[in-house]
Amino acid sequence: MILVPCPHCGPRNVAEFRHVGEATARPDPATATPEQWREYLYLRRNPAGATIETWYHRAGCRTYFGAERHTVTNEFLRTWLTGDVAPLAAAVAEMGEGVDAAGGPEPGAEAPGG
Amino acid sequence: MSNEPRTARCRLGPQPGEIIDRSKPFRFTWDGHTYPAFAGDTIASALAAAGERVLSRSFKYHRPRGILTATFHDPGCMVQADGEPNVRAAHRRVEAGMDVVPQNVWPSLRFDVRSANQAVGRFLTPGFYYKTFIKPQRLWPVYQKVLKRFAAGGRLSADSAHGYFDKRYAHPDVLVAGGGPAGMAAAIAAAEAGASVMLVEEEYDLGGHLRWGGPDELATLVDLRAAVAAQPRIEVLTNSAVTGRYDHNWVAVVQRNLPDVEERLIKARVGTLVVAPGLIERPYVFAGNDTPGVMLSTAVRRLINLHAVRPGERAVVLSANPEGDAAAAELERVGVEVAAVVDARHGGDVVRVRGGRSVDRVELGDGSTVDCDLVVVAVGWTAPTALLNMAGDRPVYRPAAARFVPGSASAANVLAAGGLAGDGSLDELVEHGRAVGRRAAHGEGPVPALDVRDHPALFRSSTHGMVDLSEDISSKDIEAAAREGYDSVELVKRYTTVTMGAAQGKLETVNAVAVLAGATGRSIAETGTTMWRPPYAPITLGALAGRMFEPVRHSPIQPWHQARGAVPMVAGQWIRPDHYGDSLAEVRNVRKNVGIIDVTPLGKLDLRGPDVPKLLNLLYVNKWSKLDIGGVRYGVMCAEDGVVLDDGVTGHLGPDHYVMSTTSSGAATVWEWVENWLQTAHRDWQVHVTPVTTAFASINIAGPNSRELLSRLTTGVDLSPEAFPYMNVRTGRVAGVEGCFMWRIGFTGELSYEIHVPAGYGLHVWEALVEQGADLGVAPFGVEAQRIMRLEKGHAIVGQDTDGLTQGYSAALDGLIKLDKGDFAGLTELTWQHQRGEYPLLVGLQPNDGSVVPAEASQIVEGSHIVGRITSSRWSPTLGRSICLGFVAPHLAEAGTVVIVALPDGRRIGATVRPELAHFDPEGARLRG
């Protein structure tokens, strides 16, 4: 059973917690389409790598907290006690699918020098 | 067969390292005959001392089997002892009076009819169940009955006493798996460095291979054992095994050898795991290699040195290493005639053993044949890397050493010590253990490298033989599987079941890999091994189950219910009264006089703060901003997918003070739901939540006389209908108890008050009600009566009349859902559901034949289609007929429609859709009075 580092209580057996799930960004209910809403309800990135998620310390301090965890090694990279999950979901969106969105030459560009 | 008592004709004189206690002789029974033994004998050593060779019959072919390895994992040594099946006879110490019988034999060990399997072996090839006994299908019950007789394993008795199994949690800084020289040295060094240490050893004593060694080994053994005993920080567990290493060094240990506990499962969170299991000797594959009398060199040395047993009269030894040479020397020392020592390092080989129940003679590689009754093989070693593999390591094959060794990818807090890591002198292995122990305690530190010595690669002779003695898989079977296309090691394992037996590959994997490599033209390194998974050692279901605690919750009024003879029911974690003997009479009494029901399990959340109305508006489908102090409102919660989550009433008790009630099964879920919103999305809202489900005992007083009864006990509250209307809440004193609150609601459809009293006074208030209501006809009613009455009134129960797909409008909540009030949980999906307009609907249903009470969950059908189901169904004493709630497809939801209900017994009945959910008093006149 993995150890989960509760920001309040320190590392505890995962049996004390409920894994609430991957961080999601709740669409604006006033403007969301059914497709967008259901993506929020059911679709997750589920990467084999670092993920942003929420945990609930059910059998401990009863706090909902955020965490960044590597899903393959179960290493917790960081946790945070305050702050809601929506900005985290934005951070998740920025992480993208691993494609380098910023920087790099355009395809076909000449190599420098010459 | 003679009935003379057996004698220990193969027992030797005293040996320097023997663990038997000759001052404690006793007798035990084997296969119906009496045998002598000493304290310290294993079942197998005592039988070997009496010259017994055949101890079991093999799994599939029922070939006679005996001692091969003389260890826990010996495949030929599984017996039934004192009713316990699958006892490892070469490990389990025999006790006075023990009754041991062979397993898997019919009719007897000597003559097993099922060895005829060998003759029909070609019908029982690996995977035979994929190819044979398939058609005709109608004969499957016959095949099953016959094949069951041939299934392996011991017998279970339904009369077996339930053992006591225990669990324990531990947090050692260092756990050492293996109590041989390196393991003991590691434990000592770690403890000296200040660590708390658990030392786990599979055998009954520490020492590993030192125990059957020469004078140097025995001397080192004494020193190390003394050093361990002198270290208070080392906890020694013998006859125990580390069965698995899980994430973050969560380690499972099964501890046996306890006086009053069958097995104890220790769950340990370990700082550093030191793996020191030593090396396991590997069997050799050749024709007849499973004949009783073929033994490994370590088996011979164990029998001679630990148990003073002469393993045979005339031996041939195949040796490829110093341990094999040592075995030959010891056989000579104790008077066994060593007819030949065949040196495999110089091309010598053993090709075939002849003999049925025991070795008669052996054919060597040079073509000669030697008469003998004992064939000893010493062809190499296997590193049991399983625990390292469970920590992420992949073993690496060293061709020069002919064995797999640990890789370098193990987790940082899992270390290999001793023979597992490499070869060396005894001093080098001990020093390695010490260095690993220091590193385990400190988290860092140098560890000297151990060489991995060269060893001839000997896996299979020029003949075919058994590779897996537990599963009866031969090298021929593996080659056939490869020809059939199962040519990867993982496929071969699953297809042939090789390595899937009792030893789980410890004795079989490397030979299987070598045979497969040969058959597919690949190297052993290329072929690789199968994945090692927990459990490393067998573990009983009892150890996994442990003591089976099942905590239950009782209301404080429980003693009264019990004394009154209430029939209990399980409602989640609660035990509640289902009824007190006659639920129909209870219903009648409520509707006629007054009844009281203990509803303490009802979920209750105390909500304080200026932002509570915002929370209520967010979570409920209806509006909450304008609920005055003293008001109570019914609400339904939906999840973000629009599915009904929970319902209950919430009352406005005072300024910034509300109490929310939930269903009893939803109490915990709703609390977590509330906290989730408040802690994440709305941290800015000032709302404080306190769960008070168990802080208040709750009693519902229902019936025409309820007001009169409550008024006799209440002070500080004006109970007149004008002052205390329906759907209102008041606080006051009941039966002298301060801090009670009560609301007028109507689950049962009668005039009723639900009072909530501080839990410690629950029984007192209940008893006061019983006493004061005697002349009013008060009687208790249970959950069943309440269920009937709420059904008469058409009140849906979330989770009974709704399921995981029931969105709000389907639960007939049209009047309640306010789509125009701004954001709330479920708004989007409910809006879209409402726009769609067509959805299954919960309706009241009246079976046309009022005497038929359909089973709940009976399907509603239209032709061959399912168009709904009955969700609730009872016989109503108030109406004198059956009543139901159920879902129907939208086109059938109109009042007056007759639907067809398919009952489980095959009958089909008609039922009519009612205009509303309530069957009784739909206007609610009774409860508003």
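Begin by selecting K821(B) and F824(B) in this predicted model: the charged end of K821(B) sits over the ring of F824(B), at 4.7 Å from the ring centre.

Next, select residues 827–836 of chain B, which make up helix α22, and colour its buried residues, namely L827(B), T828(B), E829(B), L830(B), W832(B) and Q833(B). If the selection is then widened to the surroundings of these side chains, the buried residues of α22(B) are seen to pack against α1 of chain A and also against β34 (632–638) of chain B. Before leaving this helix, step on to G837(B), which follows α22(B) and has a positive phi, near 80 degrees.

Over all chains, the number of aromatic pairs comes to 18. One of them is formed by W37(A) and Y40(A), an edge-to-face pair with 5.0 Å from centre to centre and 65 degrees between the planes.

For another pair, go back to chain B and select F696(B) and F741(B), whose ring centres are 5.2 Å apart and whose planes stand at 80 degrees, so this pair is edge-to-face, the angle being over 60. F696(B) belongs to strand β38 (residues 696–702) and F741(B) to strand β41 (residues 737–744), both of chain B, so the pair ties together parts that lie 45 residues apart in sequence. F696(B) and F741(B) are both buried.

Staying with aromatic side chains, select F17(A), W55(A), F65(A) and F76(A) in chain A, which form one aromatic cluster.

The last stop is a helix packing in chain B: show helix α4 (residues 181–192) and helix α9 (residues 426–442), which pack at an angle of about 35 degrees with their axes 7 Å apart. The crossing of α4(B) and α9(B) is right-handed. To display the contact, select on α4(B) the residues P181(B), A182(B), A185(B), A186(B), I188(B), A189(B), A190(B) and E192(B), and on α9(B) the residues L426(B), L429(B), V430(B), G433(B), R434(B), G437(B), R438(B) and A441(B). Coloured by class, the residues of this contact between α4(B) and α9(B) divide into 11 nonpolar, 2 polar and 3 charged.

Terms used: Residues numbered from 1 in each chain as written. Chains lettered and ligands numbered in written order. Predicted model: local features only at pLDDT ≥ 70, side-chain atom pairs only at ≥ 80, totals over all residues. Heavy atoms only, no water. Phe/Tyr/Trp six-rings, centres within 6.5 Å; stacked < 30°, edge-to-face > 60°. Helix = DSSP H or I, 4+ residues; strand = E, 2+ residues; numbered from the N terminus. Buried < 20%, exposed > 50% of the residue type's maximum accessible area, 1.4 Å probe, protein only. Lys NZ or Arg CZ within 6 Å of the ring centre and 35° of its normal. Contact = heavy atoms within 4.5 Å. Axes fitted to C-alpha atoms, helices over the stretch in contact; angles between N-to-C directions. Left-handed = near helix turned anticlockwise from the far one by under 90°. Nonpolar A, V, L, I, M, F, W, Y, C, P; charged D, E, K, R; others polar.
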